[in-house]
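Here is a short briefing to read alongside the coordinates. Keep the viewer open and follow the side chains as you go.

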There are 2 protein chains.
Amino acid sequence: MVLRKPYLIFLGDAADASDAKTAFGLRDWIREDVVGQMRLPHCRVDLGLPEMTPRRACAAGAGSLVIGIAPVGGGLAPAWISTLHEAAAAGLDIVSGMHTRLREVPGLAEAAARHGVRLHDVREPGRSFTVGSGVKREGRRLLTVGTDCALGKKYTALAIARALQARGVAADFRATGQTGILIAGSGVPLDAVVADFISGAAEALSPAAAPDHWDVIEGQGALCHPSYAGVTLGLVHGSQPDALVLCHDPLLTHLKDAPHVPIAPLPQVLDAYLAAARLTNPKALAVGVALNTSALGEPEALRACRAAEALTGLPATDPIRFGVQTLVDHLLAQQ
Amino acid sequence: MVLRKPYLIFLGDAADASDAKTAFGLRDWIREDVVGQMRLPHCRVDLGLPEMTPRRACAAGAGSLVIGIAPVGGGLAPAWISTLHEAAAAGLDIVSGMHTRLREVPGLAEAAARHGVRLHDVREPGRSFTVGSGVKREGRRLLTVGTDCALGKKYTALAIARALQARGVAADFRATGQTGILIAGSGVPLDAVVADFISGAAEALSPAAAPDHWDVIEGQGALCHPSYAGVTLGLVHGSQPDALVLCHDPLLTHLKDAPHVPIAPLPQVLDAYLAAARLTNPKALAVGVALNTSALGEPEALRACRAAEALTGLPATDPIRFGVQTLVDHLLAQQ
């Protein structure tokens with residue numbers, strides 16, 4: 001799945017910034033790939049980008065209109081439909097991460113065909129995969145893994161890929177979830193792949209590359225999560241990571257959406273990930289800890305990093321707050 | 001997915017017994033649910049069952065015609081199509097484990113609708129699932145697990161379920177693959193489920209039951225298999241097994257279809273499965289080893305069982321050759 005950038009971000013009638021996480025992710029990570037925003041009259045979210053109609057965005061070079069909002073329930077609101085038709089008529093591809101499929105929007109598939117534009121549902125793999133082979137391939141790979149879901153695996157991978165590029169190291173961010181795919185412009189929605197092909201899809205996502213090239217792969221789920229561990233394990237096996245970065249929220253003692261499951265101490269979690277990773281890459285190493293300290297003040301955040309370092313013997317940082325230089329130093333020193 | 005028994009087994013024009021594993025599995029495990037066989041003129045496989053047309057099978061009480069053969073490639077041969085139409089016209093449901101879907105057979109969906117019969121593709125889940133919750137449910141569960149694929153997990157589970165029933169213990173075999181589903185008459189084709197829902201599908205397959213009821217669940221893949229471990233881990237988590245039986249082929253040193261991956265010693269393999277199982281059931285125990293000794297003479301087979309017992313401290317047997325009494329004794333003594 002390859003998307004046509006740059007994007008016009010559609011904010012619809014979003015009432016709250018928390019409904020527009022995808023839009024903010026795009027603005028924060030790929031500002032250069034966003035030409036502007038389009039909002040309906042009652043929209044209360046503002047990215048601070050130029051306001052544009054689809055026609056003007058197209059004239060400014062935009063390739064796609066991206067639905068940047070995900071209201072609770074994941075549905076596509078009737079009020080948005082005329083904008084989607086307007087975008088197709090203007091010559092923009094339409095990209096959605098919603099549960100509702102774009103081809104189910106009345107008349108939209110026909111309009112897209114008529115105007116020669118494409119509809120992309122980034123929750124659909126859009127292709128088939130073979131089963132994983134487990135055969136080692138060239139190139140280096142870093143995978144972000146977690147003690148739980150939704151605690152910074154995507155942001156950490158993006159930050160590390162950027163930091164490597166800034167140092168002149170050949171590196172690509174590899175997206176495995178919908179927002180990551182919108183940011184990267186390509187990727188595989190790993191949790192939507194048929195179970196038999198998880199590791200095969202991860203192999204396809206990160207193909208053989210030059211020996212000193214880094215793929216920095218967005219992790220999914222958690223190995224100790226009773227809902228999603230199968231996806232996580234297939235991703236670990238298929239990624240064949242040389243390096244693992246463990247993402248964690250220092251305030252969490254139990255899984256957020258399975259509160260009866262305690263989170264093991266970080267060294268134990270790392271051991272479990274390393275044991276899994278070494279099936280397909282015996283040289284896999286842990287290179288750092290990324291903490292999500294957004295709920296802490298700065299002194300507490302620093303203390304949490306030092307505590308994680310003492311516990312694991314690895315550099316620990318909050319990638320958003322303190323950057324990833326220490327992780328990248330350690331990564332490059334180890335290889 | 002619930003199938004209408006008893007079955008008429010269709011052998012088509014099968015040239016070789018190895019193409020008819022599903023048919024033999026049905027005859028060997030649920031002879032009482034099979035009314036007869038139907039063969040085309042050039043068929044060279046014989047189950048030794050009464051020959052019947054679909055019409056006669058229907059009169060004899062049959063509910064479904066089952067395609068009992070899977071030629072290399074998994075395709076549905078043109079020569080079979082008239083028989084499928086004949087079966088629909090006679091009032092039989094049609095059941096297939098082929099890659100080709102029955103609804104893609106020209107005219108068959110219309111014929112089925114006209115005659116009020118159903119088409120079942122057992123490779124399709126046929127329903128959606130929720131993500132796994134990891135919340136412990138009532139009832140006891142045994143899961144067969146393996147050092148590799150295709151070494152007896154289904155047969156072992158069937159043998160244990162039968163042995164429990166023979167002792168008056170309430171027990172059900174729970175099928176996770178196509179042949180298992182045909183034998184049980186219901187089940188979930190776990191490897192065809194969307195990745196996010198593997199453990200949820202395993203939870204749905206084996207719902208809460210009476211405290212002393214056993215679900216004996218057919219394992220899939222292997223935790224140390226680079227192609228399929230994600231499916232295996234989701235099944236382990238969702239099954240919440242109280243008891244694990246490890247299936248192994250004593251002649252194997254490496255995975256059959258990933259020959260670069262060595263198989264670890266049995267105690268290490270068991271430890272990995274137990275660690276995974278204890279996430280959702282802290283009381284999970286290993287209760288035995290099931291060896292596939294079909295390539296060995298009887299003295300070597302016995303020696304292999306004794307060696308596995310010495311290595312693991314658990315009873316070891318070949319379920320087909322020596323029965324599962326020792327495993328079931330140990331299982332019931334432990335609970």
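Trp29(A) counts as buried because its relative accessible area is 11%, under the 20% cut-off. Tyr155(A), with a relative accessible area of 29%, is partly exposed. Please bear in mind that this is a predicted model.

**Aromatic pairs**
- Over all chains, the count of aromatic pairs comes to four.
- One of them joins Trp29(A) and Tyr155(A) edge-to-face, at 5.2 Å centre to centre and with 85° between the planes.
- This pair links distant parts of the chain: Trp29(A) belongs to helix α1 (residues 21-29) of chain A and Tyr155(A) to helix α5 (residues 153-166) of chain A, 126 residues apart.
- Phe10(B) and Trp80(B) also form an edge-to-face aromatic pair, with 6.0 Å centre to centre and 85° between the planes.
- Phe10(B) sits in strand β1 (residues 7-12) of chain B and Trp80(B) in the loop between β3 (64-67) and α3 (81-90) of chain B, so the pair ties together parts 70 residues apart in sequence.
- Phe10(B) is buried, at 0% relative accessible area, and Trp80(B) is buried as well, at 1%.

**Helix α7 of chain B**
- The buried residues of α7(B) include Ile198(B), Ala201(B), Glu203(B) and Leu205(B).
- In chain A, the buried residues of α7(B) pack against α7 (198-205) and α8 (229-239).
- In chain B, their packing partners are β7 (171-174), β8 (214-217) and α8 (229-239).

Notes. Residues are numbered from 1 along each chain as its sequence is written. Chains are lettered from A and ligands numbered from 1 in the order in which they are written. This is a predicted model: local features need pLDDT of at least 70, side-chain atom pairs count only at pLDDT 80 or more; totals for chains, interfaces and linings use all residues. Side-chain values use heavy atoms; hydrogens and water are left out. Buried means under 20% relative accessible area, exposed over 50%, partly exposed in between (1.4 Å probe, protein chains only). Helices (H or I, at least four residues) and strands (E, at least two) are DSSP runs, numbered from the N terminus. Contact means heavy atoms within 4.5 Å. Rings of Phe, Tyr and Trp (its six-membered ring) pair if their centres lie within 6.5 Å; planes under 30 degrees apart count as stacked, over 60 as edge-to-face and the rest as tilted.
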